[in-house]
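The structure is shown below.

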Amino acid sequence: GLIVSVILVFLVLEASRRTSGWGFVGIILAMAVYIYISPHLPGDFQTRYVSPERLMIYLGLDINGAIGSILQVAVIIVIPFTILGQVLARTGGVDFFSDLSMAAMGNFRGGAAKIAVFGSALFGMISGSALANVLAVGIVTIPMMVKSGFTPYRAAAIESVGSTGGQVMPPVMGASAFIMAEFLQVPYSAVCFAAIIPGILFYSCLFFFVDLEAAKHKIGAAKVDDAPKFLDVLKDGWPFLLPIAFLVTALMYPEVSQLTPEKVAVVTTGLVMLLSTFFGYRGRRTTVLQMLKAISDTGRVSLDIILIGAAAGIMVGIMSISGLAFSMTIQLLALSGDNIFALLLLIAVLAFVLGIGLPTVSVYILTATLLAPALVKLGVTPMAAHMFVMYNGILSMITPPVAFAAYAAANIARTDGWTTGWLACLVGWSTFVLPFLFVLTPSLLMDGTWTEIFFNFSRVMYGIYLGTAVGVGFALMPLSIVSRIIYGALSLAVVLPPETFKG
């Protein structure tokens, strides 16, 4: 047992290093070293001693180790949705979403950028991958935005932010959301419902930005030859609408469909394959060979998430057997002085630092295991605590120096990834603010009466509009420095919940 465990743990860590770099592996090894130092430390820093033999067998063979629940979610749930995304891309789903976006948004001011926002939201709802979203949608929208009058930097930044939002937009929100449901021990539909308002607010902020930016620079409708008509796209795209409608309904209302998320993904994939083979989109039918290639490509795409799942299991195992997770919670509470604002800021900074060297799923697993319990101890609802760390985890997709989504978009726009990343932080500024708002206002996560939910949703939406006007420097007309300061103060006053300050 010991020999098998040592070999398994070594192979998992080495494979993770090859696919994701030293970041996550380094943190796991540092934790492994720390738990042999910590038994000799004083007070809250102390953890219990574990013999090396017992640790290795626990990590390799116990269900709380490498072969634990995180790996189970990655294999059983995430892979079927990855197959769905690959099949959708091969069968013309990306073309359908692009055409739908062009028909719906192309004729408005800043039409090209609005197509990017709308298209990224639609494709992101199904793929749940920021990088796949940039490569699928950005290849069309970024040149279109540049042609319309947006600078290459702005075009790349808008697309990278829009693609990143796919990870927080129901119904398919990426691997982190499925793992969140497992951590919280709730149905996946509960995570979807909680994420609806934050997802809408995220894309609304981006939509406001591109609209005001277009008004400021007098950028008109998208310059598209032979732009499709909305009703024609819907008529031709029914082979996609039917499976997507089934997917959304079945995920949101599992009590009606009586299907688990992974079975929903399998049935939806089957529907897409069947309808695309017999009907196709705009006369383009998909061959069986293309379908098989989509499934084989899923193996390569899924490699990262499987290895992250196994490596995360090793990390969770180290913390569980030593008591390190409990010790970390106590230390965080002491460091923040039991002040929720200080703790939120501390966790946001830690998540940002972790995001510099880790994929978003790894950041979520680390922060959910180490940091979220401290928030729950201070009275934050478990859903809000986990949603907070997940939102802060996805920031690594647009914040330099890593900024995978920003660099991918910059590559398409042929610009500098570093500058694009910082501009993306301005474009997607709501990503930094929204997590604090739904921790302070649980009704933004559908936790409250319908009156509360509607009022707070409308209030925050208006505050985000005012804040975006400050960033762009334009509202109904160009804003002076004084006007921007006033708008900024008003935005802060509007978005902060009334109960933030006593009296």
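At what angle do helix α4 and helix α15 pack, and how far apart are their axes? In this predicted model, helix α4 (residues 69–90) packs against helix α15 (residues 288–322) at about 155 degrees, and their axes lie 8 Å apart. Helix α4 is therefore roughly antiparallel to α15, since angles over 145 degrees fall in that class. The crossing of α4 and α15 is right-handed.

The protein chain as a whole contains 25 helices and 0 strands. Its radius of gyration is 23 Å, which agrees with the value near 23 Å for a compact globule of 503 residues. Along the principal axes, the C-alpha atoms of the chain fill a box of roughly 70 × 65 × 45 Å. Of the 503 residues, 55% count as buried. Among contacts between residues at least 6 apart in sequence, 76% join residues at least 24 apart.

Q167 is located in the loop between α8 (152–164) and α9 (175–184). Q167 counts as buried because its relative accessibility is 10%, below the 20% cut-off. Leaving aside residues up to four places away in sequence, Q167 touches G128, A130, M173, T360, M390, I394 and M397. The C-alpha atoms of Q167 and Y391 are separated by 8.9 Å, although these residues are 224 residues apart along the chain.

Technical notes: Residues are numbered from 1 along each chain as its sequence is written. This is a predicted model: local features need pLDDT of at least 70, side-chain atom pairs count only at pLDDT 80 or more; totals for chains, interfaces and linings use all residues. Side-chain values use heavy atoms; hydrogens and water are left out. Axes are lines fitted to C-alpha atoms, for helices over the stretch in contact, and angles run from 0 to 180 degrees between N-to-C directions. Helices (H or I, at least four residues) and strands (E, at least two) are DSSP runs, numbered from the N terminus. Angles under 35 degrees count as roughly parallel, over 145 as roughly antiparallel, 65 to 115 as roughly perpendicular and the rest as oblique. A crossing is left-handed if the near helix is turned anticlockwise from the far one by less than a right angle, and right-handed if clockwise. The radius of gyration is taken over C-alpha atoms; the globule rule is 2.2 Å times the number of residues to the power 0.38. Buried means under 20% relative accessible area, exposed over 50%, partly exposed in between (1.4 Å probe, protein chains only). Contact means heavy atoms within 4.5 Å.
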